[in-house]
Amino acid sequence: MKKRGFVLLENFLGRVDNLLFYRRNRRRYVRKIRSNVKKRAVSTSRQLLGQARFAYVVALYRAIKDTFLHEIWRLSPRAEGTTGYHNFIRSNYAAFGLEGMILDYSRLKISVGNLRLPLGIYVEAVSGREIVIMWDTGWGELQGDEADRLYVFLMYGDDSFRFTFFDRLDVCRGEGYASIELSAKEVDPVHLYYFFGSMDLLDFSDSGYCCLK
C-alpha cells in the first residue's frame, strides 16, 4: 500500500478508527487498516499479561491526568518523537499484574527528570496521621538547588487507583525536613513517593519510594 507523509497529527503514534499512525526511519506515516482483517486471538499467558498491564497503566495515567503530574510527564526527558503519555506507559508498564493490582510498588515511577534526589532520605510514620521525611543537607549532599520544592504522592494498599498528591509543598530541599499530616488514618500499607522540582517548574527529579506499614 502506498505510504504518505502525515503532518496534522505529527506527535501522535497509534490507531484512530481504521487509520494507523506510525514511524519509520525518523519519518511518520499513516496507512489504512483493512476492516475485514480479524484480530488474532490472545492465547498465551504472556499475551494476556501484556494486555492487562497496558490497560491498567493507561487507567492510572488517566487517573492522574487532572493533576500537576500530567505536566511533569509532559516535560519529562524522553526519546525523540514520543510523548509524556508514552513515557509514562513505558516507565510503569512492568509494575502491574493481571488483576489490575500493582505487583511491585517500588517499580512505579511517579516522576522522572534531570534533577537528583538528595542523599540520606529517611521516611517514617510518626503516628496514624503524621509522616516525617528527612534528608541530608550538608555541603555536597543536597545534589541540587536548595530552593527546589518537595512533592509527595501517596497510594493506598486497598486500591491501586486511590491516591493523595501533595502538590508542591512549602518545603525546600535546603530545609532537610518535612512533616505531612493526612486527613485521616489510612488503610495499611501506604506507599509514599517523593521527588523535587525546580522553582520555575521546568525540571524535576526521579521519584523515590518508601512503603509505610
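What percentage of the 213 residues in the chain is made up of buried residues? Buried residues, defined by a relative accessible area under 20% (1.4 Å probe, protein chains only), make up 38% of the 213 residues. The structure is a predicted model, in which local features need pLDDT of at least 70 and side-chain atom pairs count only at pLDDT 80 or more, while totals for chains, interfaces and linings use all residues. Residues are numbered from 1 along each chain as its sequence is written, and side-chain values use heavy atoms, with hydrogens and water left out.

The chain holds 3 helices and 11 strands, where helices (H or I, at least four residues) and strands (E, at least two) are DSSP runs numbered from the N terminus. Their order from the N terminus is β-β-β-β-α-α-α-β-β-β-β-β-β-β. Among contacts (heavy atoms within 4.5 Å) with a separation of 6 or more, 61% are between residues 24 or more positions apart.

In soluble globular proteins, nonpolar side chains tend to be buried together. A nonpolar core is taken here as a set of buried Ala, Val, Leu, Ile, Met, Phe, Trp, Tyr and Cys residues joined through side-chain atoms within 4.5 Å. The largest such core has 25 residues, of which Leu69, Phe88, Leu108, Phe153, Met155 and Phe195 touch the most other members. At least two residues of this core come from each of helix H1 (45-64), helix H2 (69-74), helix H3 (84-92), strand S7 (149-156) and strand S10 (190-197). H1 gives the largest share, 5 residues. Apart from residues up to four places away in sequence, Phe88 touches Val57, Leu60, Tyr61, Ile64, Trp73 and Lys109. A second, separate core contains 21 residues, including Trp135, Leu154, Val171 and Val190.

The whole structure contains 13 aromatic pairs. Rings of Phe, Tyr and Trp (its six-membered ring) count as a pair if their centres lie within 6.5 Å; planes under 30 degrees apart are stacked, over 60 edge-to-face, and the rest tilted. Tyr151 and Phe165 form a stacked pair, at 6.3 Å centre to centre with 15° between the planes. This pair links strand S7, which holds Tyr151, with strand S8 (residues 159-166), which holds Phe165, the two residues being 14 residues apart. Tyr151 is buried because its relative accessibility is 0%, and Phe165 is buried with a relative accessible area of 16%. Tyr151 also forms a stacked pair with Phe195, at 5.0 Å centre to centre and 5° between the planes. Tyr151 lies in strand S7 and Phe195 in strand S10, so this pair ties together parts 44 residues apart in sequence. Ring pairs join Phe68, Tyr151, Phe153, Phe163, Phe165, Tyr193, Phe195, Phe204 and Tyr209 into a cluster.

The accessible surface of the chain, from the Shrake-Rupley method with a 1.4 Å probe, comes to about 12,900 Å², and 50% of it belongs to carbon and sulfur atoms. Tyr122, Met134 and Tyr177 make a nonpolar surface patch of about 280 Å². Patches consist of residues with over 30% relative accessible area and no salt bridge, nonpolar side chains (Val, Leu, Ile, Met, Phe, Trp, Tyr) being joined within 5 Å and like charges within 9 Å; a salt bridge is a side-chain nitrogen of Lys or Arg within 4 Å of a carboxyl oxygen of Asp or Glu. Tyr122, in strand S5 (residues 122-125), has 41% relative accessibility and therefore counts as partly exposed, the class between buried and exposed (over 50%).
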